[in-house]
Amino acid sequence: MSWALVLSAPVAELELLAARLFDEGALGVELQEPGQPLMPGTPPLPPEGGRCIAHFAWRDEALRAAAGLGRAEAPVEIADEDWSVAWRKQHRPLRVGPRSWVQPPWEDAPAAPGESRVVIDPGMAFGTGSHPTTALCLERVDQLLAEHAGADVLDVGTGSGIIALLAVKLGAGRVTGTENDPVALKAARSGAELNGIPDGRITWALADVDQLAGPPYQIVLANILLNTLVDLAPGIARKVAPGGRLILSGLLSDQARAAEEAYEAQGLVPSRRTERERWARVELSRG
């Protein structure tokens, strides 16, 4: 038999919790998030929250992990399984745009000539491309860089760096990823190394967007929660160049209009909205 820790957390904290569980020795961590189909018999997710299921070989390891995280949940005994294998089955190559794929290190995507592949280690936890909001952003950055080859790209709240990494693979010019979490930024740097992207090709900034030097960007993306998008609206809007595009996600469908209004107040104009599995991507432009 093996053991699992089942921990609930706000959506915004799930990826950090997963990363900490790996640090505590988990063999694999499954994320269950709002909008994601759950297996029959799975309990519903808590309101405004999600769930991390971390797998351990031994009960004592799971108990130590819970204690290290300051959590009181007891580990659950489950049928014996090789989680190093089973966990990998959940992470397969995924087409994310007309010219782009995301893949784990152990399985190559069936990319055609001229298509790009970004390798993401799911063990890093901070964004693998499978969540609808991340997939919506990846799809749009692929489309925009086809229309505006060599455009500069800013990824606010970069997480694993997956959007910035894809932008480089698709030939973007200046690329910057910002974060306020040093653990996530470390994962992003590791992702760049895994993808063979030279040091310095992407500017990784542990900074607020207002602290970034240099001219504004032709493409700005922010895949973060609504309240943060609203709080950061003045700074993010200032980073959109004349004629540039702003892509916002991390939004439930019924939050899209509130995000648009926050950026309309900064002089940007809504241009399109796309929805997928109850999640939304909002696009605005600067004239």
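Predicted model: local features only at pLDDT ≥ 70, side-chain atom pairs only at ≥ 80, totals over all residues.
In β14, R273 finds its bridge partner in V282. Residues are numbered from 1 along each chain as its sequence is written, and side-chain values use heavy atoms, with hydrogens and water left out.

Let's look at the hairpin. Strands β13 (residues 269-276) and β14 (residues 279-285) run antiparallel and are joined by seven bridges; two strands pair if DSSP finds at least two bridges between them. Helices (H or I, at least four residues) and strands (E, at least two) are DSSP runs, numbered from the N terminus.

Two residues lie between the strands. Most residues other than glycine have a negative phi, yet E277 has a positive one, and R278 does too. Here they are together, with buried meaning under 20% relative accessible area, exposed over 50%, and partly exposed in between (1.4 Å probe, protein chains only).

| Residue | Phi | Relative accessible area |
|---|---|---|
| E277 | near 50 degrees | 46%, partly exposed |
| R278 | about 75 degrees | 53%, exposed |

Now to a helix. T134 sits in α4 (residues 132-147) and is buried, at 9% relative accessible area. What does the side chain of T134 make a polar contact with? The partner is the side chain of N223, at 3.4 Å. A polar contact is a pair of N or O atoms within 3.5 Å; within protein, one must be able to donate a hydrogen and the other to accept it, and residues adjacent in sequence count only if both atoms are side-chain atoms.
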